Structures are given as structure tokens and as C-alpha cells.
Amino acid sequence: MTVICTLEDIEMRLGNKPVLGPVSLSLYSGEVLGIIGPNGAGKTTLLKVIAGIYKPGAGKRTLPKREQTVIGYVPQDIALYESMTARQNLFFWADVYRLPKKAAVKRVEWLLKELKLEDVANEAVYKYSGGMKRRLNLGAALLTTPDVLLLDEPTVGADEESARLIEGLILRAKSLGSSVVFISHHYAEVERLCSKVIRLENGRIVPANP
């Protein structure tokens, strides 16, 4: 497996309060890494450091020396325009990713089919159930095949069908060589999907026994 991202002795503080670190880990292509731990342990902060949203106070984040590393980040909060349709949301994000028009059309229609949203693709997202929104939220990050796919509790509040579809897409991303990192409080989900699991407590990695 190829190393996609490396964190070395990462530390983060909010004011005078340490919230993360020191943390060191490597992410590999074709791997699903699960992050578990209690609320406030630093899980979301770690995901945002990997994504480049947060700049750590100490330590080093290293990406491979290539022209661009594509990172797909799906926050726990739904990041969709609810007055727009599913199709409009996906085309919006396709434009953000600068996909050529023909590629965008092909990818959007494929995702709508995979997400089982074809029949409601032209309905405003505010009409969707929580699970349908979760599916679409993930779909926006899969308009390209990301090198790193970061998921913050992607199935929280989702119905069984939506959770199953989301898990299937996570495994597909893994099979295509993405390094998938996701936060979950569901140990059965972690056991099904993960190649490796780390547990955070008080901002540090500890043994991952539930």
C-alpha cells in the first residue's frame, strides 16, 4: 500500500486548552481507518487537521509530492443547499471540483443511481429524509475518486437502507485506492468496514479496545 498522508507529532490547542496530540499516524491507499472515542476526544479536530482545514500548532502534515492530492471531506453537519435539488447540488460541487461538463454529467447520473436518489433527483433537498440527505452528502465528496476520503459519522441518524448504501460506497472508494478515514460510535460498523482502528481519548491515541 502507498502512503497518502503522514502526521508527525501533531498538536492543537484552543486558547490554552490542548485538544489534540501529540498524534502521529500514516494513511495508506486502499485502507479504511476508523476513529473511535468519547465526545470531546479530538476526533473531529483530527479529521480537520488531515483535511487541511486546521493548521496544527505543532507537528507536521505531509502529503505525497504530486501535483494535487484530492481530499473529500464529509462533515457531520449536512453540507447541502436544501432549496436546491439533489441534481443541482451535485452539479454545484462538480463545478467546485472543476470537472469537465461531460464527465460531470456522467458522474452525477451514476451517483444518483448508486445513491438510490434517481426518482427524487429533481426535488428540493429540504423534502428529503435524514438518511437521503446523508447519502447525498457523501455523494458530493465522491464526484471525483478522492485520494483521501474523510467522513465524520456519515451514518448518524440514517435509516438502515441509507446506512447500507453509504457503507457500500465506502468500500467502493477503498477498492479504488482511496484512503478512507471515518469517525463512528457504532462498533459493529467499525468492525465491518475498517482495516485498522484507533481510539482517541483526551486528544491522544490509546489502545482501541471498546
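**Backbone features and helix packing in a predicted model**

Asp 9 lies in strand β1 (residues 3–14); helices (H or I, at least four residues) and strands (E, at least two) are DSSP runs, numbered from the N terminus. This is a predicted model, in which local features need pLDDT of at least 70, side-chain atom pairs count only at pLDDT 80 or more, and totals for chains, interfaces and linings use all residues. Residues are numbered from 1 along each chain as its sequence is written, and side-chain values use heavy atoms, without hydrogens and water.

Asp 9 is not a glycine, yet its phi is positive, at about 50°. Its relative accessibility is 48%, so Asp 9 counts as partly exposed (buried is under 20% relative accessible area, exposed over 50%, partly exposed in between; 1.4 Å probe, protein chains only). Asn 202 also has a positive phi of about 50° without being a glycine. Asn 202 sits in the loop between β8 (196–201) and β9 (204–206). This residue is exposed, with a relative accessible area of 71%. In strand β2 (residues 17–28) lies Pro 22. A cis peptide bond joins Gly 21 to Pro 22, with omega about 0°.

Helix α4 (residues 130–141) packs against helix α5 (residues 160–175) at an angle of about 15°, with axes 9 Å apart (axes are lines fitted to C-alpha atoms, for helices over the stretch in contact; angles run from 0 to 180 degrees between N-to-C directions).

Confidence was also examined. The chain averages a pLDDT of 92, and 97% of the residues score at least 70 (pLDDT is the predictor's confidence in each residue, from 0 to 100).
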